[in-house]
Amino acid sequence: MAGVNAATTEKQAQPFALSWRAKAGLIAVLVYAIYAASQLGFSWERFEAGWELGARFIGRLFPPSIERLNILWQGIAESLEIAILASTLGILLSLPISLLGARNLMPAWATWPSRAIVALCRALHPVIVAIIFVKAVGFGALAGVLALTVASIGFIGKLFTEAIEEISLKQVEAVRASGASFANVIIFAVMPQVFARFVGFATYQLDSNLRNSTMVGIVGAGGIGGTLFSAFQRFDYDFVCTILLTIIAIILMGELLARMIRAVLLDNVSLGELLRRRGKTTFRAPAGDDV
Amino acid sequence: MNTEQRLESYPQAWQRYTAGQRLLRFTLYLLFILAIVQSARTIDVIPEFLYDAPTQMADLINRMWPVDWSSFKGTISKALIETLHMATLGTLLSIVLAVPVGLLAANNLTPNRGLNLLARFILVSSRSINSLVWALLFIAIFGPGAVAGTMAIAFRSIGFVGKLLGEAIEEAHPGPIEALTATGASLGSIIQYGYWPQIRPAFWSVVLLRWDINVRESAVLGLVGAGGIGMALNSAMDLFQWDRVALILLLIFAVVILAEIIITRCRKSLL
């Protein structure tokens with residue numbers, strides 16, 4: 001009897017103890033982490049040396065250099081142009097593709113090719129697409145625009161197709177029953193239902209293109225990325241700091257702008273309201289892509 | 001009489017937007033068009049390059065075919081495994097780094113405005129800096145190689161994991177937490193028994209999602225010298241070995257698809 005009591009109190013002491021499977025999993029993860037770290041060449045000496053180098057590196061970042069502002073401005077302007085054009089092209093192209101891909105509106109022979117295009121656009125990293133376009137159309141901003149257009153089609157195309165597939169078919173039937181043509185069905189029955197989400201995706205994509213346009217320059221596709229990369233290679237770390245701070249500032253401004261666009265187009269605020277309230281419309285980036 | 005006049009001053013036809021709203025919308029559309037036109041006019045496009053794009057593309061495909069399968073053994077297969085290690089270890093490291101930041105960012109767990117803002121700032125700066133730029137920064141510190149790549153992936157992922165984790169904690173139901181607090185439980189126990197069971201599904205899905213993204217990202221980090229298959233890609237491109245480039249691109253494609261299949265499987269068994 002006493003033994004049973006002791007056993008039960010012992011059990012009660014740890015009512016949520018980890019199961020043996022969870023324990024084994026944790027140990028496996030730990031063992032893997034140590035193995036992978038040794039494979040990749042992590043070592044304590046390297047970290048110790050790294051601290052010192054890191055401190056020196058950060059010391060050289062400050063104060064930010066403001067000598068070559070015209071080069072900075074050229075790169076930033078090109079990045080902005082790439083982002084705007086890529087978003088425009090991407091949105092314009094992904095509209096018909098995602099309409100074709102919606103299973104509730106289109107027959108199977110139309111949906112699967114457009115779904116395949118979207119999947120292909122999503123699978124490759126924008127930088128890799130940029131490499132291919134740099135080979136095809138040469139160095140410069142055009143390659144960046146094309147690469148980010150492909151990325152935009154992959155992202156907006158997928159989400160917009162899903163949005164169209166979720167619409168209510170009652171309105172489509174009603175408009176169709178009035179004898180509307182196919183184009184009118186799309187304009188008056190489908191579009192009003194998905195417009196709000198579409199604006200959300202489009203502004204998010206503009207934001208994301210802004211971020212990525214600073215990156216494609218590293219492989220020669222134009223924009224501030226190229227300037228940043230060459231500043232790194234010439235050890236102009238104070239100029240690197242200026243570029244990074246400018247990028248962060250532009251991305252923050254882009255987020256504000258995107259929020260404003262959503263407020264005007266979706267919530268119908270007036271100018272006074274827009275100035276008074278800030279950040280009421282929250283749009284959560286659809287999980288499933290890089291936030 | 002007075003009421004009639006007042007009624008007449010109202011518009012007779014229904015209008016969806018007020019004049020102010022319409023003005024704002026038109027301004028916005030005008031700004032869009034201006035931005036697009038201005039970008040299209042000033043962007044630097046060399047027309048000669050555009051004209052011979054089809055020839056260049058045909059040339060590229062010609063050089064890529066047949067794919068150089070024989071070079072898979074040796075450096076490329078090693079680089080591929082290194083890429084997977086970088087993605088996985090970077091994700092594990094980012095969890096360790098992001099969990100405290102995520103806990104600090106959640107307003108209900110850390111009711112301190114200053115700490116919340118600090119955590120948010122860390123998350124935003126982690127996300128605003130691209131992983132390639134993180135890689136460049138860590139190469140300056142650790143030197144070229146997979147260590148810099150792993151650290152870049154870990155630091156880039158802090159923002160993603162921490163933000164989504166913080167949001168999950170903020171959405172947790174307060175009932176169990178209040179009950180635990182009433183029993184006098186310590187903060188550690190509250191997190192372990194109150195929050196953890198509630199955020200566990202969100203946590204696993206965030207981690208799996210980030211691992212999937214990291215597999216894609218780790219494949220390109222090598223372009224700036226941060227290890228993995230990107231380094232093999234870069235050297236193959238510099239040497240104009242396009243058949244080798246084709247092999248590497250196919251391998252990256254296959255790994256990305258495989259990663260997606262794995263996370264779908266894992267999600268089914270874990271959630």
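**View 1. Helices α5(B) and α6(B) meet through B:Val101, B:Leu104 and B:Ala105 of α5(B) and B:Leu115, B:Asn116, B:Ala119, B:Arg120, B:Ile122 and B:Leu123 of α6(B).** Contact here requires C-beta atoms, placed from the backbone, within 7 Å of each other. The contact residues comprise seven nonpolar, one polar and one charged. Ala, Val, Leu, Ile, Met, Phe, Trp, Tyr, Cys and Pro count as nonpolar; Asp, Glu, Lys and Arg count as charged; the others, including Gly, count as polar. This is a predicted model: local features need pLDDT of at least 70, side-chain atom pairs count only at pLDDT 80 or more, and totals for chains, interfaces and linings use all residues. Residues are numbered from 1 along each chain as its sequence is written, while chains are lettered from A and ligands numbered from 1 in the order in which they are written.

α5(B) covers residues 75-105 and α6(B) covers residues 113-128; their axes come within 7 Å and cross at roughly 135°. That angle makes α5(B) oblique to α6(B). The cut-offs are under 35 degrees for roughly parallel, over 145 for roughly antiparallel, 65 to 115 for roughly perpendicular, and oblique for the rest. Axes are lines fitted to C-alpha atoms, for helices over the stretch in contact, with angles from 0 to 180 degrees between N-to-C directions. The crossing of α5(B) and α6(B) is left-handed. Left-handed means that the near helix is turned anticlockwise from the far one by less than a right angle; right-handed means clockwise.

**View 2. Helices α8(A) and α9(A) cross at roughly 155°.** α8(A) spans residues 169-177, α9(A) spans residues 182-213, and their axes come within 9 Å. The two helices are therefore roughly antiparallel. Their crossing is right-handed. α8(A) supplies A:Gln171, A:Val172, A:Val175 and A:Arg176 to the contact; α9(A) supplies A:Asn184, A:Val185, A:Phe188, A:Ala189, A:Val190 and A:Gln193. By class, these are six nonpolar, three polar and one charged.

**View 3. Helices α10(A) and α11(A) cross at roughly 150°.** α10(A) runs over residues 224-233 and α11(A) over residues 237-266, with axes that come within 9 Å. α10(A) and α11(A) are therefore roughly antiparallel. Their crossing is left-handed. On the α10(A) side are A:Ile224, A:Thr227, A:Leu228, A:Ala231 and A:Phe232; they meet A:Phe239, A:Val240, A:Ile243 and A:Ile247 of α11(A). Eight nonpolar residues and one polar residue make this contact, with no charged residues.

**View 4. Chain A is built from 12 helices and zero strands.** Helices (H or I, at least four residues) and strands (E, at least two) are DSSP runs, numbered from the N terminus. Of the 291 residues in chain A, 40% are buried. Buried means 20 or more other C-beta atoms within 10 Å of the residue's own, exposed means 12 or fewer, and partly exposed lies in between; C-beta atoms are placed from the backbone. Among contacts in chain A with a separation of 6 or more, 69% join residues 24 or more positions apart.

**View 5. The largest nonpolar core has 143 residues.** Such a core is a set of buried Ala, Val, Leu, Ile, Met, Phe, Trp, Tyr and Cys residues joined through C-beta atoms within 7 Å. The residues with the most contacts inside it are A:Ala130, A:Phe133, A:Ala147, B:Ala135, B:Phe138, B:Ala152 and B:Ile248. Helix α7 of chain A, residues 141-165, gives the most to this core: 16 residues. Leaving out residues up to four places away in sequence, B:Ile248 touches B:Ile76, B:Ile229, B:Ala232, B:Leu233 and B:Ala236.

**View 6. B:Gly149 sits in helix α8 of chain B, residues 146-170.** B:Gly149 counts as buried because it has 35 C-beta neighbours inside 10 Å. Its contacts, not counting residues up to four places away in sequence, are B:Met86, B:Ala135, B:Ser218, B:Leu221, B:Ala226, B:Gly227 and B:Gly228. B:Ser131 is 18 residues from B:Gly149 along the chain, with 8.8 Å between their C-alpha atoms.

**View 7. B:Trp14 lies in the loop between α1 (2-9) and α2 of chain B.** B:Trp14 counts as exposed because it has 5 C-beta neighbours inside 10 Å. B:Trp14 and B:Ala87 are 73 residues apart in sequence, and their C-alpha atoms are 58 Å apart in space.

Key:
Two residues are in contact if their C-beta atoms, placed from the backbone, lie within 7 Å.
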